[in-house]
Amino acid sequence: MTAMMGGRANEPPVVMRAGGSDAVTTTFDEFYHAHFRGVTAQLCAYTGDLGQAQDLTQEAFLRALARWDRLVRYDDPVAWVRRVAWNLARSRWRRLRTARNHLLRQRRNEAEVAGPTPDRVAIDAALAKLPPNHRRAVILHYLADLSVHEIATQEGVAEGTVKSWLHRGRTALAGLLDENTEGVCDA
């Protein structure tokens with residue numbers, strides 16, 4: 001038998017017998033092009049997501065390619081691909097359901113996290129008003145506990161420059177935080 005592609009992209013290959021032989025010579029490319037759209041459409045209707053359906057169909061055809069020597073001899077190789085694709089869809093759905101249930105259980109067990117304090121909001125607002133170099137130096141020195149030398153190395157500047165940035169940053173923060181201290185509690 002000789003398999004030839006049909007006239008349209010989604011048509012299965014036409015199988016022709018050549019000299020009474022029972023051998024089928026369908027290439028995987030022909031098989032893929034003939035059936036990809038149909039399997040994708042079925043999975044898209046099942047999953048409701050075209051992208052996911054295409055991914056699942058691709059995976060099923062990859063698995064078919066690995067077994068193409070045996071699969072080509074089946075009476076209906078597209079049925080095998082379809083079954084694999086549907087099984088992959090079900091497995092993905094189960095994994096997503098399990099992950100969702102796990103997340104829901106964790107959320108029930110976690111305590112409610114308190115929002116930022118007014119002090120923290122004031123500090124964040126004041127830091128946002130600093131020039132970028134000064135802000136980085138203050139954050140790296142006071143929050144990341146880096147030394148002046150380490151900041152200078154990281155930023156690629158002299159240590160004196162970092163000291164200057166820290167001094168100017170602290171001075172600016174003091175002025176900005178003094179303006180905002182009316183409604184802020186003492187820490």
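**Exercise 1. Is Phe61 buried or exposed?**

Solution. Start with the cut-offs: buried means under 20% relative accessible area, exposed over 50%, and partly exposed lies in between (1.4 Å probe, protein chains only). Phe61 has a relative accessible area of 1%, so Phe61 is buried. The model is predicted: local features need pLDDT of at least 70, side-chain atom pairs count only at pLDDT 80 or more, and totals for chains, interfaces and linings use all residues. Residues are numbered from 1 along each chain as its sequence is written, and side-chain values use heavy atoms, with hydrogens and water left out.

**Exercise 2. Find which residues Phe61 touches, not counting residues up to four places away in sequence.**

Solution. Apply the contact cut-off, heavy atoms within 4.5 Å. Phe61 then touches Phe28, Phe31, Tyr32, His35, Phe36 and Val81.

**Exercise 3. Describe the largest nonpolar core.**

Solution. Take the criterion: buried Ala, Val, Leu, Ile, Met, Phe, Trp, Tyr and Cys residues, joined through side-chain atoms within 4.5 Å. The largest such core has 20 residues. Phe28, Phe31, Leu43, Ala60, Phe61, Trp68 and Val81 have the most contacts inside it. A second, separate core has 14 residues, among them Ala137, Val148, Trp165 and Leu166. For background, nonpolar side chains tend to be buried together in soluble globular proteins.

**Exercise 4. Classify the ring pairs of Phe61 with Phe28 and with Tyr32.**

Solution. Recall the rule: rings of Phe, Tyr and Trp (its six-membered ring) pair if their centres lie within 6.5 Å; planes under 30 degrees apart count as stacked, over 60 as edge-to-face and the rest as tilted. The structure holds 10 aromatic pairs.

- Phe28 and Phe61: the centres are 6.2 Å apart and the planes stand at 70°, so this pair is edge-to-face. Phe28 is in helix 1 and Phe61 in helix 2, 33 residues apart. Phe28 counts as buried, at 13% relative accessibility.
- Tyr32 and Phe61: the centres are 5.0 Å apart and the planes stand at 80°, so this pair is also edge-to-face. Tyr32 in helix 1 and Phe61 in helix 2 are 29 residues apart in sequence. Both Tyr32 and Phe61 are buried.

Now widen the view. Phe28, Phe31, Tyr32, Phe36, Phe61 and Trp68 form one aromatic cluster.

**Exercise 5. How many salt bridges does the structure hold? Locate the partners of each.**

Solution. Search for a side-chain nitrogen of Lys or Arg within 4 Å of a carboxyl oxygen of Asp or Glu. The structure holds 3 salt bridges.

- Arg63 pairs with Glu59, with the closest N and O atoms 3.0 Å apart. The two are 4 residues apart in helix 2, about one helical turn. Arg63 is partly exposed at 36% relative accessibility, and Glu59 is partly exposed at 30%.
- Asp124 meets Arg120 at 3.1 Å, N to O. They too are 4 residues apart, in helix 5 (residues 118-129), about one helical turn. Asp124 is partly exposed at 36%; Arg120 is partly exposed at 44%.
- Arg136 pairs with Glu155, the closest N and O atoms being 3.1 Å apart. This pair links distant parts of the chain: Arg136 in helix 6 (residues 132-143) and Glu155 in helix 7 (residues 148-155), 19 residues apart. Arg136 is partly exposed, with a relative accessible area of 36%. Glu155 is partly exposed at 23%.
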